[in-house]
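Hi,

Here is the structure I promised to send over. Have a look at it first, and then read on for my notes on what turned up in it.

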Amino acid sequence: MTDLDTLHLRSALALAEQAVGLSDPNPRVGCVLTNAAGTAVLGQGHTQAAGQAHAEVMALRDAAQRGSDLRGATAYVTLEPCAHHGRTPPCCDALVAAGLARVVVALGDPNPAVNGQGVARLQAAGMQVQWASEDIAQAARELNIGFISRMERGRPWVRAKVACSLDGRTALAGGQSQWITGPEARADGHAWRKRAGAVLSGVGTVLADDPRLDVRLVATHLQPQRVIVDARLDTPPSANLFSSGAAPLMVAAQPHPERVAALQACGAEVLCLPDRQGRVDLAALLAELAQRGINELHVEAGAGLNGGLAQAQLVDEWLIYMAAMLMGPGRALAELPALGDLGQAQRWRFHEITPVGPDLRLRLRGL
């Protein structure tokens with residue numbers, strides 16, 4: 001890996017970022033084409049909406065529009081070129097047909113339909129394949145952490161977002177929570193919503209706050225699917241969830257026929273996934289969402305659902321916006337059982353700590 005290789009791979013990663021809120025359920029991929037020496041960019045592109053062109057094809061089109069000669073050129077891609085016919089033809093074949101000599105890949109594709117086959121096809125065609133350095137690979141992995149989770153674990157990457165005070169309160173005892181954090185944190189939260197294929201909340205939040213759970217404070221091509229855990233289907237048809245965008249997926253444990261009919265009349269899909277205790281089976285829900293192509297699941301819920309996900313060890317990452325205030329008695333960020341010993345506590349590591357306006361954004365992951 002030369003300095004020029006690193007430069008072009010970082011450019012490809014920046015292009016891949018542009019696929020956030022656009023390419024789901026497909027991964028976010030960027031591609032840069034250069035001459036053999038790496039001194040001139042011949043074409044570039046990123047993944048488009050599902051069913052449209054992948055990053056490599058966009059870069060090849062860009063090169064054609066520039067009149068670039070790609071014979072002997074190098075491609076820098078943030079994810080292994082696909083080797084299968086899905087909605088579009090294999091990208092590895094397009095690179096071979098263009099006459100490129102070398103491909104530098106940031107990360108292998110865990111999709112069983114690819115998973116090394118793309119690289120093998122390139123090498124079989126006589127192309128030189130090199131892998132990026134670990135820091136570049138890690139950046140590519142972070143960009144597609146949900147896609148990788150869905151491919152490798154059969155469930156989305158679950159990110160639970162919370163806004164709270166220094167003493168961990170998400171609302172006053174009476175329910176008032178607007179606004180604990182500032183406008184910068186709220187806009188940043190919408191940027192994380194944009195990353196997600198679905199936003200998950202619970203009926204308690206719907207009844208208390210009547211949220212829309214869409215992306216409004218940042219631009220996006222796609223709106224996430226709204227998913228509501230509502231064991232008894234207490235969500236009223238008048239809720240804001242039904243006033244704009246695609247109607248939500250309602251996940252129940254007790255499918256009362258009259259309530260099902262009322263919600264379906266609003267366009268909602270009702271899914272019944274009971275566990276043995278008569279509650280919604282959260283693990284089964286995550287598996288179902290993965291089957292529907294959800295890569296990242298953004299949770300904006302109350303203490304009950306947060307606690308249920310945490311106790312089931314289904315939270316991969318906490319996204320906590322902490323305000324510099326003390327609120328005293330109020331609502332906790334998660335309902336958890338009392339512990340008899342500190343050794344039983346769930347422990348997390350700080351993955352990132354970033355100031356956002358007057359607040360702090362904390363990202364925590366498991367040890």
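Let me start with a pair of side chains: Glu-317 and Arg-365 form a salt bridge, with their closest N and O atoms 2.9 Å apart. Glu-317 sits in strand 13 (residues 317-322) and Arg-365 in strand 16, so this contact ties together parts of the chain that are 48 residues apart in sequence. Glu-317 is buried, as its relative accessible area is 0%. Arg-365 has 6% relative accessibility, so it counts as buried too. Please keep in mind as you read that this is a predicted model.

Salt bridges

How many salt bridges does the structure hold? The count is 29.

One joins Arg-159 to Glu-296, where the closest N and O atoms are 2.8 Å apart. Arg-159 belongs to strand 6 (residues 157-164) and Glu-296 to strand 12 (residues 296-299), so the bridge ties together parts that are 137 residues apart in sequence. Both Arg-159 and Glu-296 are buried.

The other is between the side chains of Glu-142 and Arg-363, at 3.9 Å from N to O. This pair links distant parts of the chain: Glu-142 is in helix 5 (residues 134-143) and Arg-363 in strand 16 (residues 359-366), 221 residues apart. Arg-363 counts as buried because its relative accessibility is 8%.

These residues also belong to a wider arrangement. A network of salt bridges links Asp-24, Arg-28, Glu-142, Arg-159, Asp-188, Arg-195, Glu-296, Glu-317, Glu-352, Arg-361, Arg-363 and Arg-365.

The cavity

Now for the empty space. Rolling a probe the size of a water molecule over the atoms shows where such space is left. In this model, one cavity of 30 Å³ or more was counted, and the largest cavity holds about 40 Å³ of space. Which residues line the largest cavity? They are Asp-24, Asn-26, Pro-27, Arg-28, Asn-144, Gly-146, Phe-147, Arg-195, Asn-295 and Glu-296. By type, this lining divides into four charged, four polar and two nonpolar residues.

A pocket

The second largest pocket has a volume of about 450 Å³. Its lining is made up of 17 residues, and those nearest the centre are Trp-318, Leu-336, Gln-346, Arg-347 and Trp-348. Helix 11 (303-311), strand 13, strand 15 (348-356) and strand 16 each contribute at least two residues to this lining. The lining residues comprise 13 nonpolar, three polar and one charged. Strands 13 and 16, then, supply residues to this pocket and also hold the Glu-317 and Arg-365 pair.

Cysteines

How many disulfides are there? The structure holds zero. Cys-91 counts as buried because its relative accessibility is 1%. Cys-92, at 1% relative accessibility, counts as buried as well.

Conventions
Residues numbered from 1 in each chain as written. Predicted model: local features only at pLDDT ≥ 70, side-chain atom pairs only at ≥ 80, totals over all residues. Heavy atoms only, no water. 1 Å grid on protein atoms, 1.4 Å probe; cavity = no way out; pocket = protein on both sides within 12 Å on 5 of 7 lines; lining within 4 Å. Points joined across faces, edges and corners; volume = space filled by probe spheres on them. Nonpolar A, V, L, I, M, F, W, Y, C, P; charged D, E, K, R; others polar. Salt bridge = Lys/Arg side-chain N within 4 Å of Asp/Glu carboxyl O. Helix = DSSP H or I, 4+ residues; strand = E, 2+ residues; numbered from the N terminus. Buried < 20%, exposed > 50% of the residue type's maximum accessible area, 1.4 Å probe, protein only. Disulfide = S-S within 2.5 Å.
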